[in-house]
Amino acid sequence: MEIFTSYIIGLLPLTPVIMGVLISLLRIVINNRLLFNTLYVISTIVSLCMGLVVFYRVLIQGLYGVYCLGGWFPPIGISLVTDKLSTIMVLTATMVYSIVSIYAIWYTRHMANYVYFYVIALIHEAGLLGIFLTGDIFNLYVFIELAGLTAYSLILFYHHRLRSLLASARYAFAGALYTGLFLLAIIILHATTGTLSMAELFVKIKSIEISSFNTSLLADPVYLIPILVIGLWTAFLISALYPNHFWLPDAHSEAPSPASAILSGLTVNAGIYIAIRVFYTIFYGSPYIDSLDYLSNIMIFLGIINVFYGSFKMAVEDDVKRILAYSTILNIGFIYMGIGVGTSLGISASLLHLFNHSIGKMLAFLSLGVIVRRYRTRNIYALEGLGRNHPITMATLIVSIFHLIGVPPFGGFFSKLLLFQAFIDVGGYVYALMVIVGTALSIYGYMRLIELLWHHPIHHRSVPKESLSIIVIIAYISSLIIILLLGVFSQSIIPLFNDIGEQIIHRSLEYVRVFSRI
Amino acid sequence: MNNFLLNILIISLITNTLIGVYGIVFKPNIIKKIISLTIFNDSICVLIILHGYLGPESIAPIHILPFDAENKELLLSYSVDPLPQAIVLTAIVIGLAFTVFLSITALRIYEVSGSLNLHYLLKTEIVETVEPEVEVMEE
C-alpha cells in the first residue's frame, strides 16, 4: 500500500470557492456575461481534471492520497484523505458538475441574477467535495453545513414563488435541527474517545481501551450508540431515506432545472457517503456494539419502503419534475438496500447504482428542463403531446429513463443485476425479489411520463419545432457518451467497483495505516 | 456546592435543548421557529464549552512558568481544553449564517403570502400566480 501527497487533493475543494468568490467580486465592477460564463465553466472543468487525476492515481494505480491542511500532521491537524470510496464520489461530483455548468449557461441566458446561481452552485460543489475528502469528523460537519446552506439557497432561487420559499424553509429547518444534533453527537464522541480524526476514531472504537485515553465522565463505550444513531439519522435526512424523505419532492421540483440536476444527482450522494463512512469505516466490527446487524436490516427495510413509496407516488403524480423527484427516492431505496447487505459485493453494487443514478437523473432533469422552460408549465396534462416538437430532447430523456429503469444496453441494468446477485449470495431471496418487483412497479411511472409527453395530442397545436442551442447539445452528447460507456464497458467497470467494496469491508485498516506512514 | 450548581446548569441546558426542539417542530410561526433554533444551537454551544471546563480553578492553556516536567503536569491538569472552544467558534458562525438565511426567507414568505404561519401555508393548496421557471429579463 503506497500513498501520495499532492496539492491537487487540497485544491479540489478550494478551487470552486476561490472562483466563486472571484466571480462575485468581479460582478461589482463589471457585468460581462461571457467572462462569468467562461470563469464558471473553467472552474468546473479544472475540478473535473483534478478529479480525473485523483481517479487515475487512486483507482487505477491503487494508491492512497493524503493532504495535510496547513502542514499539521494528523491527528493534530485536519487532513484530506482519498481512498477508493471518496475518489469515486469526487469523480461523480466533478463529472456531473461540469456537464451541468455547460447547461446552466444556456438556462440562465435571459436571467438578470445569473451570477448568484453560479456563485452558489460553485460553493455547493466545494461543500460536497469537502464532505467526500475530509478525514476529520468535525470538518465533515462544517462541510455538511456549507453544502446544506447553499442547497437551501439553490432551492429558493425563484424567490418570488411561494412554493419554492416554503420548500426551502421546510428543508432548512429540518436540516438545521438534524445538523445541530449531529454537532452534539460529535462532541459526545470527542468526550468518549478524545479525538475527532476519523482514523484515530477507527482505532479507538475498534480496540478495547477507550477509557484509558481520557478521564472524562463520558468515557464509556455505551455512549457510542447514540452517536452512531444520530450520525446515521443525519445521513438519512440528507439522502432522503423513508421517514426523512418529506422535503425532497418539493425541494427538487421547485429548484431551477440545473439546480434540480445537482441536488437530485449529487447532494443525496453526500448522505450515502456519510452513512457508509460512519457505519463501515468508523463503527463496523466494533467490540462494543453488537447490534450492527439490526441496523443493516433497518437500512434494507427502510430502503424497501423507499422503493415502494417512490414507485407508487410516481404513478399518480401530475407534476413532471416531481415524478423525477420521486424517482430519486426510489433509487435511494435501492442504494440503501445494497449498503445494508454488509458484503463487499453489496457495497460495490450500491456504489455502481449511485454512479449510474447520478448521471441518468442529471440527464433526465436537463432534458425535462428544456421542455418545462419552453412551455412554462410543469403539469403533465398541459404538456401532453408537446414532446413531439422536441425529438432530440425526447430521445435523450428516453435514454436516461431507460438507463434509470435498467434496460440492458445501458449501465443501469448492470448495477441492478449486481444488487440482485449480492442478495442471492447472502441468501436473501425475498430482498432479491424486492429489487425486481420495485423495478417493475417503477416502469409504469416512467412510461406514463414518456407516453404522455409523446402521445399524439387531440388538439393540433401550432408550435414550431425546437431549435436546440449548441451548448445544450454539448451537454446532451457528453452525458450520453458517459451512459453508453457505462453500459458497453460494464465488464471492465464492475471490477473497479468490486475493489471499492473490498477495500471498505476487508481492507479497512489501510485507512489508518495511511496516517502512520506520513 | 460547585458540583451541585454545575449539575443544575447541565440539567437546565438539556431542558433548553429540548425546548428548542419542541419549538422548531411544533410552533407554527416562522419567527418563533427561528428563535427556538437559536436557543437550541446556543444551548448546544454552552454544553460543548462545559465539556472542556474543568472547574473554577482551571486556567488558560498557555504556559508562563518555565517549561519543565513539573510545570507541564500542572498545566495539563489545570488547563481548559481549547478544542471545544474552537469548535464553538465555528458552530456560532454557522448558526449566524442559518439565522440570517432563515430570517430573509421568512421576510420573503411574508412579502409573497402575507402570512408567517408555516404550518398553515404548508397545509393549504397554493395557487401560484407566477409560472414555474419564469424568465427574469435582463436589467
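This is a predicted model: local features need pLDDT of at least 70, side-chain atom pairs count only at pLDDT 80 or more; totals for chains, interfaces and linings use all residues.
Where chain B and chain A come together, 43 residues of chain B are in contact with 48 residues of chain A. The size of an interface is often given as the accessible area lost when the parts come together. Between chain B and chain A the buried area is about 4,400 Å², and carbon and sulfur atoms give 73% of it. The count of salt bridges between these two chains is zero, while two residue pairs are in polar contact. On the side of chain B that touches chain A, helix 1, helix 2, helix 4 and helix 5 of chain B each supply at least two residues, and helix 4 gives the most, with 14 residues. The residues on that side of chain B divide into 29 nonpolar, five polar and nine charged.

Over all chains, the whole structure holds 11 salt bridges. In one of them, the side chains of Glu254(A) and Arg161(A) meet at 3.1 Å, N to O. Glu254(A) lies in helix 9 of chain A and Arg161(A) in the loop between helix 5 and helix 6, so this pair ties together parts that are 93 residues apart in sequence. Glu254(A) is buried, with a relative accessible area of 5%, and Arg161(A) is also buried, at 3%.

Another salt bridge joins Asp319(A) and Arg378(A), at 3.0 Å from N to O. Because Asp319(A) lies in the loop between helix 11 and helix 12 of chain A and Arg378(A) in the loop between helix 13 and helix 14, the pair ties together parts that are 59 residues apart in sequence. Arg161(A), Glu254(A), Asp319(A) and Arg378(A) are linked in a network of salt bridges.

Definitions and conventions: Residues are numbered from 1 along each chain as its sequence is written. Chains are lettered from A and ligands numbered from 1 in the order in which they are written. Side-chain values use heavy atoms; hydrogens and water are left out. Contact means heavy atoms within 4.5 Å. Buried area is the accessible area (1.4 Å probe) that two parts lose on being put together, summed over both. A salt bridge is a side-chain nitrogen of Lys or Arg within 4 Å of a carboxyl oxygen of Asp or Glu. A polar contact is a pair of N or O atoms within 3.5 Å; within protein, one must be able to donate a hydrogen and the other to accept it, and residues adjacent in sequence count only if both atoms are side-chain atoms. Helices (H or I, at least four residues) and strands (E, at least two) are DSSP runs, numbered from the N terminus. Ala, Val, Leu, Ile, Met, Phe, Trp, Tyr, Cys and Pro count as nonpolar, Asp, Glu, Lys and Arg as charged, and the others, Gly among them, as polar. Buried means under 20% relative accessible area, exposed over 50%, partly exposed in between (1.4 Å probe, protein chains only).
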